[in-house]
Amino acid sequence: MGINLFRMYKNSGQQREIKDVFYLILLQGLNYVAPLLVLPYLMIKLGAEKFGYIGFSLSVCQYLMLIVDFGFNLSGTKRIALVQDNQDKLNLIFSSTFYAKLGLLLLSFIFLTILAMIPQFAIYRSTMFVLFISVIGNTFLFVFLFQGLGKIRVVSVINTISKLSILPLTFWLVKGPADYLTAAFIQSMVSIMAAVLSLLVIFHNKWVTLVRFNITAISTEIREGLPLFLSFAATSIYTACFVVILGLTASPTEVGCYSATDRIMRAFLCLSLTPILQSFYPKISRMGKENQAEALSLVHKLFIFVICAMLILGICLFSCSFWIINLLGIGYKGTENLFRIMAFIPIFVGIGGVIGQLKLLALGNSNDKKHFESAYFIACVVAILGVSLLSALFKAEGTAIALLATEITVATVMVIFDLKRA
């Protein structure tokens with residue numbers, strides 16, 4: 001499949017992006033080798049209950065990362081890609097986005113403190129605060145700057161180094177259920193190390209200079225990121241909130257089984273889809289201003305490739321579900337159906353990702369951004385209704401079905417909005 005992708009674009013002037021895709025796939029492969037080894041280890045050593053503590057707390061912290069990112073990884077990426085030759089504008093956009101992220105980090109900590117006071121979440125309190133360290137690290141990673149400057153390889157190398165150097169400590173320090181806080185701390189330190197390396201690279205290369213606080217410029221970045229933030233807030237309903245809602249109706253063991261399945265599925269999904277979207281988003285954003293037809297042609301070819309890749313991934317997840325459960329151990333026995341349900345999810349995520357990010361956002365106008373936002377609000381309604389009903393009735397399996405229904409909704413609505421703009 002990789003050979004076909006290269007042949008598809010070798011004469012189209014996209015060699016740099018193609019190389020980035022394969023480079024990122026290689027790096028993402030290394031990136032996910034450690035987690036895919038560590039996750040089963042944690043699932044086995046901690047057991048479903050204590051892994052449920054981590055799974056629940058990670059979902060909460062994903063919400064907080066969403067607040068801090070505020071859509072900047074797309075809005076900031078596009079704005080930086082368009083002004084990268086103007087150092088003054090580049091410095092202003094970077095600085096304003098950074099100041100905005102710091103303010104949002106403070107709001108996130110306040111939100112976490114309030115959440116930790118809720119009696120139902122008391123058993124997760126310590127784990128949530130330990131994993132909040134990862135939110136701090138994520139604040140200083142500046143993915144939007146690397147992507148906008150076309151330096152996505154660099155941030156991928158940083159993430160790879162951080163994960164491969166920190167996560168192996170899990171095998172040394174985590175020996176049983178009592179070590180769940182140690183496991184959470186190791187997860188958080190990956191983000192801290194990535195942030196430190198990110199800052200060193202940025203200032204060593206003098207890509208940007210931090211300028212003084214400018215409330216008008218900060219407001220501009222917030223306005224640009226707001227539609228995307230609202231969209232991703234809706235998206236998080238079924239990436240993070242599903243686990244939170246399940247935690248209200250099910251035991252930590254049930255939460256652990258669902259979290260384990262979901263994270264394994266998403267690890268493979270990110271390995272195969274994320275490199276393509278990250279590599280081509282800045283390029284297509286620039287192409288859209290110069291040659292809309294050529295940009296659309298490239299997106300259509302990418303769409304075909306992504307669908308084929310997601311179909312293969314889904315078949316693999318469905319076929320290997322029994323083997324994966326046997327590997328995890330007796331504590332996860334009976335969760336094969338979760339893998340079989342989630343095996344259908346990647347193809348719909350692929351459809352929604354390519355059409356939403358590479359067409360409606362990268363090539364679209366302000367109206368298309370509203371459509372992108374609307375798609376996720378519609379899906380949000382489906383998600384809340386679905387998970388509230390099905391998780392109460394069927395626990396983890398019901399939550400997985402609600403997740404699949406939500407992804408189908410996203411893909412369908414994205415296609416409808418795309419057909420309207422054609």
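Visitor: Is D262 buried or exposed?
Guide: Buried means under 20% relative accessible area, exposed over 50%, and partly exposed in between (1.4 Å probe, protein chains only). With a relative accessible area of 5%, D262 is buried. This is a predicted model: local features need pLDDT of at least 70, side-chain atom pairs count only at pLDDT 80 or more, and totals for chains, interfaces and linings use all residues. Residues are numbered from 1 along each chain as its sequence is written, and side-chain values use heavy atoms, leaving out hydrogens and water.

Visitor: Which side chain meets D262 in a salt bridge?
Guide: A salt bridge is a side-chain nitrogen of Lys or Arg within 4 Å of a carboxyl oxygen of Asp or Glu. D262 pairs with R266 at 3.1 Å, N to O. Helices are DSSP runs of H or I, at least four residues, numbered from the N terminus. Both residues lie in helix 11 (residues 252-290), 4 residues apart, about one turn of the helix. R266 is also buried, at 17% relative accessibility.

Visitor: How many salt bridges are there by this rule?
Guide: The count is 3. Among them, D418 pairs with K359, their closest N and O atoms 3.0 Å apart. D418 is in helix 16 (residues 366-421) and K359 in helix 15 (residues 345-361), so this pair ties together parts 59 residues apart in sequence. D418 is buried at 11%, and K359 at 7%.

Visitor: How many disulfides are there?
Guide: A disulfide is a pair of cysteine sulfur atoms within 2.5 Å. The count is 0. For C320, the closest cysteine sulfur, in C316, is 5.9 Å away, too far for a bond.

Note on methods: Helices (H or I, at least four residues) and strands (E, at least two) are DSSP runs, numbered from the N terminus.
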